[in-house]
Amino acid sequence: SSRLALAGLCRTSLIHSYHFVPHHIQQTHLSCDMKFRSTRDTSTTPGPKLASFEEVISKGYAPDGGLYVPEKLPQVSKQDLECWRNLSFPALAEQILLRFVGEDLPGKPEEFTQLVCSCYEDFTVPDVVPVKRVGSLLVSELFHGPTFCFKDLGLQPLLRLLSAYAQRADRKHNLLVSTTGDTGPAALRAVSDVASKNLSMIVFFPEGQISELQRKQMTTLNCSSARVATFQGGGDDMDLPLKRLAADRAFAQRHGLCGINSYNLGRPLAQLSHFFWSYFRALDLCGLQVGDVVDIVIPCGALGNLAAGFMAKCMGLPVRRFVAATNANDITHRTFDRGEFHRSDEMEKTLSDAINIQVPYNMERLLYYLTGEDSALVSSWMKVMDETGKLTLPDRWLNELKQHFSSRRVDDEATCKAMEHAYRQHQYLADPHTSVALSAAWHIYGEEADPSASPPVVVMATASPCKFEDSVSIALGSETWQKYIASSEFPEAARQILQAKEKAFDKLEKEGSLKASQSAWESAVREWLGGKKKWQWLRSKL
């Protein structure tokens with residue numbers, strides 16, 4: 001029999017009532033043997049192909065091209081939430097991760113505790129993620145890590161876990177990363193922090209589509225195990241070559257390939273913590289009790305953050321609704337608004353480059369949970385998407401989407417207006433991606449909404465404004481930027497990076513059509529990994 005949809009089961013009619021978890025998602029607490037499956041696994045006998053936590057984070061994509069998900073989502077009770085409310089951020093993160101790692105710890109329990117604590121040692125604020133009032137909104141600042149963006153919250157745990165497992169198995173990994181601006185610097189910093197002989201990394205970024213600081217965060221880092229290359233294409237044009245490399249099982253195994261973009265389940269699992277944390281801080285600021293609900297607004301690119309938030313809701317986090325805020329590259333908005341998961345022909349340049357996405361891979365995880373974990377249906381949908389670039393959701397599923405998600409397309413003009421409003425009216429300097437989310441929130445909820453009349457609205461601030469000189473200068477004027485960069489609010493570490501000398505890096509050039517370019521890029525990476533083509537990065541050191 002077909003499974004019931006998530007939306008129809010976890011809907012709540014009362015704004016301030018406890019969110020009960022749908023009964024079709026099997027309940028588990030501290031799992032002793034947590035296993036994972038692919039979103040596309042249609043096996044019936046003897047059952048789905050299951051993988052361990054170590055296998056899942058060491059691969060990235062599942063062998064069938066799908067994304068890994070827990071076989072059973074661990075459930076969080078109201079009592080659990082009460083117990084977790086006053087934990088420190090590292091202690092909360094450990095409690096949540098343990099529900100997925102289970103007995104598959106990379107070492108002793110006390111070593112796991114130390115591993116988790118070490119992930120947040122270089123954050124610049126004691127709380128790790130402070131939550132502040134900006135008018136009627138609550139802003140959860142996810143950017144106080146070493147590379148000034150929320151990706152640190154996912155990649156610091158993931159890289160440390162990968163290192164620990166690789167050391168235990170005496171196994172080497174080549175980590176492949178495609179970045180639209182923030183993932184690359186965070187991944188490079190994390191692999192540098194870990195300093196493991198078992199991990200090497202290649203990062204690819206789109207030429208001319210990231211900020212100066214984002215580029216320099218990658219090209220000035222002194223890390224002998226990491227390499228950087230640019231490609232002439234859109235923000236996610238490198239995703240297909242990397243997916244093909246991962247799908248070549250013999251090649252992937254021979255070279256120890258592992259993708260660590262947010263299709264790797266380790267990323268959204270690590271990011272669950274900041275949703276629970278932000279929820280607790282919203283309760284504190286608004287004088288509410290565990291069980292009261294909130295709405296959450298997220299600037300959306302590849303949807304790793306939104307997937308983490310939706311998984312948290314499925315686990316039992318009392319979230320009424322998510323708002324997905326996109327820029328002009330608005331495939332997520334078109335999907336949520338009209339059911340049109342259609343790839344655009346061109347990537348538009350925007351002031352919020354890090355969320356420039358044409359096909360967000362984590363949409364697959366959202367659809368998996370939306371359909372009640374119907375992997376057969378998701379597999380058929382993704383086959384259509386992979387073959388045609390266009391998936392139109394039936395009305396039934398579009399209606400289900402709308403029970404959980406709203407969305408808003410925010411162009412550059414609206415982004416600038418939101419940034420200016422936050423700065424002039426609330427003395428809050430937001431980066432362009434957070435400004436996309438602020439614009440969406442103010443459009444949907446109103447600029448002066450009464451927070452006591454509806455659930456608190458939490459906006460996820462995903463990056464520091466220090467990374468985006470051009471965007472801030474366009475929105476607020478160059479004088480405002482100069483005032484900011486000269487102030488104590490501007491991170492000293494960012495100032496030093498801007499002054500540092502860049503190293504040479506390789507370039508993957510466009511080869512006619514996008515299809516031809518992607519084939520050429522795949523071949524180049526194969527040659528680099530096989531030692532048949534020398535790196536500009538290495539030549540520059542000779």
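I began with Asp170, which counts as exposed because its relative accessibility is 62% (exposed means over 50% relative accessible area, buried under 20% and partly exposed in between, with a 1.4 Å probe and protein chains only). I noted that the model is predicted, that local features need pLDDT of at least 70, that side-chain atom pairs count only at pLDDT 80 or more, and that totals for chains, interfaces and linings use all residues. Residues are numbered from 1 along each chain as its sequence is written, and side-chain values use heavy atoms, with hydrogens and water left out.

**Entry on two loop residues**

I located Asp170 in the loop between helix 6 and strand 5 (helices, H or I of at least four residues, and strands, E of at least two, are DSSP runs numbered from the N terminus). Asp170 is not a glycine, yet its phi is positive, at about 50°. I then looked up Ala195, in the loop between helix 7 and strand 6. Its phi is also positive, near 50°, in a residue other than glycine. Ala195 counts as exposed because its relative accessibility is 64%.

**Entry on helices 6 and 7**

I found that the axes of helix 6 (residues 151–169) and helix 7 (residues 183–194) come within 9 Å and cross at roughly 40°. I recorded the contact residues (contact means heavy atoms within 4.5 Å): among them are Leu155, Leu159 and Arg160 of helix 6 and Ala186, Ala190 and Val194 of helix 7. The residues of this contact divide into 7 nonpolar, 3 polar and 5 charged. Here Ala, Val, Leu, Ile, Met, Phe, Trp, Tyr, Cys and Pro count as nonpolar, Asp, Glu, Lys and Arg as charged, and the others, Gly among them, as polar.

**Entry on helices 12 and 14**

I found that the axes of helix 12 (residues 304–315) and helix 14 (residues 363–370) come within 9 Å and cross at roughly 20°. Helix 12 is therefore roughly parallel to helix 14 (the term covers angles under 35 degrees). Leu306, Ala307, Phe310, Met311 and Cys314 in helix 12 meet Arg365, Leu366, Tyr369 and Leu370 in helix 14. I counted 8 nonpolar, no polar and 1 charged among the residues of this contact.

**Entry on helix 9**

Which residues of helix 9 are buried? I listed Asp239, Pro241, Leu242 and Leu245 in this helix, residues 239–247. Seen down the axis, these buried residues fall within an arc of 165°, so they line one face of helix 9 (the arc is that of the directions from the helix axis to the C-beta atoms). Their cover includes strand 5 (173–178), strand 6 (199–206) and helix 22 (514–529).

Note on methods
Axes fitted to C-alpha atoms, helices over the stretch in contact; angles between N-to-C directions. Parallel < 35°, antiparallel > 145°, perpendicular 65-115°, else oblique.
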